[in-house]
Amino acid sequence: MAEKQIVVEIGENGEISAETFGFNGPSCLDALDKLLKGFDKGDTEKKPDFYKHAGTTTTNKITNNN
């Protein structure tokens with residue numbers, strides 16, 4: 001499992017940007033919401049990992065009862 005990281009940068013003008021690494025699906029937004037509680041989130045740009053489902057597996061078992 002990849003290490004999960006959140007990198008937060010604060011610019012000289014006070015602007016805050018945050019980027020997540022190692023998260024899949026909306027769990028990155030949940031983590032950012034907890035970390036940046038009380039701050040205006042502004043625009044959100046979703047990376048391709050957002051559209052991956054974390055830990056989701058599907059198993060189909062087919063049996064023939066003949």
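How do the residues of the lining of the largest pocket divide into nonpolar, polar and charged? In this predicted model, ten of the lining residues are nonpolar, six are polar and ten are charged. The pocket has a volume of about 660 Å³. Its lining is made up of 26 residues. Those that lie nearest the centre of the pocket are A18, L32, D43, T44 and E45.

The lining was then examined by secondary structure. At least two lining residues come from each of β2 (16-21) and α1 (27-35). Strand β2 gives the most to the lining of the largest pocket, contributing six residues.

The chain has 66 residues, of which 12% count as buried. Its accessible surface comes to about 6,100 Å², and carbon and sulfur atoms account for 48% of that surface. Among contacts in the chain with a separation of 6 or more, 30% are between residues 24 or more positions apart.

The two strands are paired with each other. Strand β1 (residues 5-10) and β2 run antiparallel and are joined by six bridges. One of the pairings involves E9, whose bridge partner in β2 is S17.

T20 is found in strand β2, the strand that gives the most to the lining of the largest pocket. T20 counts as buried because its relative accessibility is 11%, and the limit for a buried residue is under 20%. When neighbours within four places in sequence are left aside, T20 is in contact with Q5, I6, C28, L32 and K47. Of these contacts, Q5 and I6 fall in strand β1 (residues 5-10), whereas C28 and L32 fall in α1 (27-35). L32 is also among the residues that lie nearest the centre of the largest pocket.

Conventions. Residues are numbered from 1 along each chain as its sequence is written. This is a predicted model: local features need pLDDT of at least 70, side-chain atom pairs count only at pLDDT 80 or more; totals for chains, interfaces and linings use all residues. Side-chain values use heavy atoms; hydrogens and water are left out. On a 1 Å grid over the protein atoms alone, a cavity is a set of points where a 1.4 Å probe fits but cannot get out, and a pocket is an open set with protein on both sides within 12 Å along at least five of seven lines; lining residues have an atom within 4 Å of a point. Grid points are joined across faces, edges and corners, and a volume is the space filled by probe spheres set on the points. Helices (H or I, at least four residues) and strands (E, at least two) are DSSP runs, numbered from the N terminus. Ala, Val, Leu, Ile, Met, Phe, Trp, Tyr, Cys and Pro count as nonpolar, Asp, Glu, Lys and Arg as charged, and the others, Gly among them, as polar. Buried means under 20% relative accessible area, exposed over 50%, partly exposed in between (1.4 Å probe, protein chains only). Contact means heavy atoms within 4.5 Å. Accessible areas come from the Shrake-Rupley method with a 1.4 Å probe; for residues, only the protein chains shown count as cover. Two strands pair if DSSP finds at least two bridges between them.
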